[in-house]
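Subject: Structure handover

Hello,

Here is the structure I promised you. Please open it alongside this note; what I found follows below.

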Amino acid sequence: MSNQNRLGELLVREKLISLAQLRQAQDEQNRSGQNLGYTLAKLGFISDQEITNFLSQQYRVPTINLDEYEIDADILKLVSKEQCEKHRVIPVSRAGASLIVAMADPTNLNAIDDLKFLTGYNIEPVIASETAIMTAVDRYYNAGPSYEEVMAGFDESEIEFTGEEEDLNVLELEKASEDAPVVRLVNMVLLNAIKKGASDIHIEPYEKKLRIRYRIDGVLVEEMTPPLKLKGAIASRMKIMSQLDIAERRLPQDGRIKLKLGKGREMDFRVSVLPTIWGEKIVLRLLDKGNLQLDMTKLGFDVGPLDDFLWAIRQPWGMVLVTGPTGSGKTTTLYSALSELNKTAHNISTAEDPVEYNLHGINQVQMHDDIGLNFAAALRAFLRQDPDIIMVGEIRDFETAEIAVKAALTGHLVLSTLHTNDAPATISRLLNMGVEPFLITASVNLVLAQRLARKVCNDCRQPIEIEPQALQELGFTAAQIAGAKLQKGVGCRTCNGTGYKGRVALYEVMRFTDTLKEMVLQGASTADLKAAAIKGGMSTLRMSGIRKALEGVTTTEEILRVTMSD
């Protein structure tokens, strides 16, 4: 019997919860994957404090109030944030050869053994609620480098920046933004993001805090918290660098920063400024042209799906659609296709919003909705430009879809993107937009859905064992489970303790066969289309992820995070 089930039974026996409440909590726990105690508290059947006190009496282990306890930084270094989150624990203090650790479940021997192995100390558990532990983990591990460390050697008194933002005039803003510490801090934020391989930088003002976060391998991590009084100076510095209006603080603005890094390397930052109630939030998207991977064999394609995709983009006419959420690598896949097709014999035009990378030999057009240059208008213009290949950044509405379909039917190859969850759902999306079924079946050659999963760090990868039943639930076949050699990163300096470094694409490639076309004409559902595509040899995103896990490229946690179960 698992410890979770035992806890539930003990709580029912002590009449602290009813059997019906336990069953409801277990159903919710199965859906969410959360700890049973946490789920019971979340549903309001019992308080965190009652569970903590009960466990303390049951196992004769003392409790601790983490809110009233200050944990030393040296103690926190003994256990990584990832281990704390994995086992729902936090190290509290040291006593000789023992490490005192706050745990939500003091009977979790796996956690105790792991911590003993990683730290070299005997582990002495004390009890705290899961909520209190995770709050403490956030508080201690997400603090990031202090402002003092970042600005070491700078004289903060140089920055005179007081009063409400509305009271500041443009000259004061400009002066504040040119103070040496602010200039150095902004430069450091940009360069650090490049060094850490971030894809986005978020600078966010709140009521009592200014927070800077980086998105690294698709996950946001807190980097630093500069003093709140610098928010106006930092925003103004960013606006000056991206040639925006520093006097305009009530409307959103978009701009670009180009950074020269020596050795001929350039980095572009796409800047978006958004007014919030506490000041201007700034998000920068990093566009590293030198790091743009256009070789399809290195993007993560398996051989079969890659052959299908290459077949589709080499057709003289028709439509190829790439689908997935924002940040799933759709643009990179399309640029890879364009790079493959970029020959002297082809006239290629693209309509993009925004143009992310400049590609030599391709006519790229930036959208400007405010003056009426949208995807539909650009598409109409392209058709008068004797095109061979057209790329439309996104099909968002019926007008764009209609022109794209007609272009595909009149001898042009059309590449575009949509926002749908998987390849079969893309057909339903076009139908919902109002495109006739016979036009879809006549024009679409192939639909590709994709996601980006984090890769296991090469410097700290280790083999791991996972329960066969868990793998089966994830979608592994019996043969795959038998031969599974799964890997996981334990965390090191290279990967900033995350266990992941870099990303790999997972692909679901649906070649639009005659069978599927016939089903669309007969009004088949998305589920039916999906079943028929799988029967015809399509690998779903989940299947693609499982293959990558079996190769040791990614982990089962990542597959769960980025793919839907089939």
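This is a predicted model: local features need pLDDT of at least 70, side-chain atom pairs count only at pLDDT 80 or more; totals for chains, interfaces and linings use all residues.

Are H14 and H15 parallel, perpendicular or oblique to each other? Helix H14 covers residues 303–313, and helix H15 covers residues 330–341. Their axes cross at roughly 60° and come within 11 Å. H14 and H15 are therefore oblique to each other. The crossing of H14 with H15 is right-handed. On the H14 side, the contact uses Phe-309, Leu-310 and Ile-313. On the H15 side, Thr-333, Ala-337, Glu-340 and Leu-341 take part. The contact of H14 with H15 divides into 5 nonpolar residues, 1 polar and 1 charged.

Next, another helix pair. How do H16 and H17 lie relative to each other? Helix H16 spans residues 375–382, and helix H17 spans residues 398–409. They pack at an angle of about 20°, and their axes are 8 Å apart. An angle under 35 degrees counts as roughly parallel, so that is the term for H16 and H17. H16 and H17 make a left-handed crossing. H16 brings Phe-375, Ala-376, Leu-379 and Arg-380 to the contact. These residues meet Glu-399, Thr-400, Ile-403 and Ala-404 of H17. Sorted by class, the contact of H16 with H17 has 5 nonpolar, 1 polar and 2 charged residues.

Helix H18 runs over residues 423–433, and helix H23 over residues 526–535. The two axes cross at roughly 140° and come within 8 Å. H18 and H23 cross in a right-handed sense. From H18, the contact takes Pro-424, Ala-425, Ile-427 and Ser-428. From H23, it takes Thr-526, Leu-529 and Lys-530. By class, the contact of H18 with H23 has 4 nonpolar, 2 polar and 1 charged residues.

Now the cavities. Rolling a probe the size of a water molecule over the atoms shows where empty space is left. How many cavities of 30 Å³ or more are there? The count is 2. The second largest cavity has a volume of about 30 Å³. Its lining includes Gly-300, Phe-301, Asp-302 and Pro-305. Tyr-507, Ser-539, Ser-544 and Arg-547 also line the second largest cavity. This lining divides into 3 nonpolar, 3 polar and 2 charged residues.

Last, two backbone details. Most residues other than glycine have a negative phi, and most peptide bonds are trans. Which residues are joined by a cis peptide bond? They are Asp-353 and Pro-354, with omega at about 0°. Pro-354 sits in the loop between strand E11 (348–352) and strand E12 (363–366). Arg-60 is not a glycine, yet has a positive phi of about 55°. Arg-60 lies in the loop between helix H4 (48–59) and helix H5 (73–76).

Best wishes

Methods:
Residues are numbered from 1 along each chain as its sequence is written. Side-chain values use heavy atoms; hydrogens and water are left out. Axes are lines fitted to C-alpha atoms, for helices over the stretch in contact, and angles run from 0 to 180 degrees between N-to-C directions. Helices (H or I, at least four residues) and strands (E, at least two) are DSSP runs, numbered from the N terminus. Angles under 35 degrees count as roughly parallel, over 145 as roughly antiparallel, 65 to 115 as roughly perpendicular and the rest as oblique. A crossing is left-handed if the near helix is turned anticlockwise from the far one by less than a right angle, and right-handed if clockwise. Contact means heavy atoms within 4.5 Å. Ala, Val, Leu, Ile, Met, Phe, Trp, Tyr, Cys and Pro count as nonpolar, Asp, Glu, Lys and Arg as charged, and the others, Gly among them, as polar. On a 1 Å grid over the protein atoms alone, a cavity is a set of points where a 1.4 Å probe fits but cannot get out, and a pocket is an open set with protein on both sides within 12 Å along at least five of seven lines; lining residues have an atom within 4 Å of a point. Grid points are joined across faces, edges and corners, and a volume is the space filled by probe spheres set on the points.
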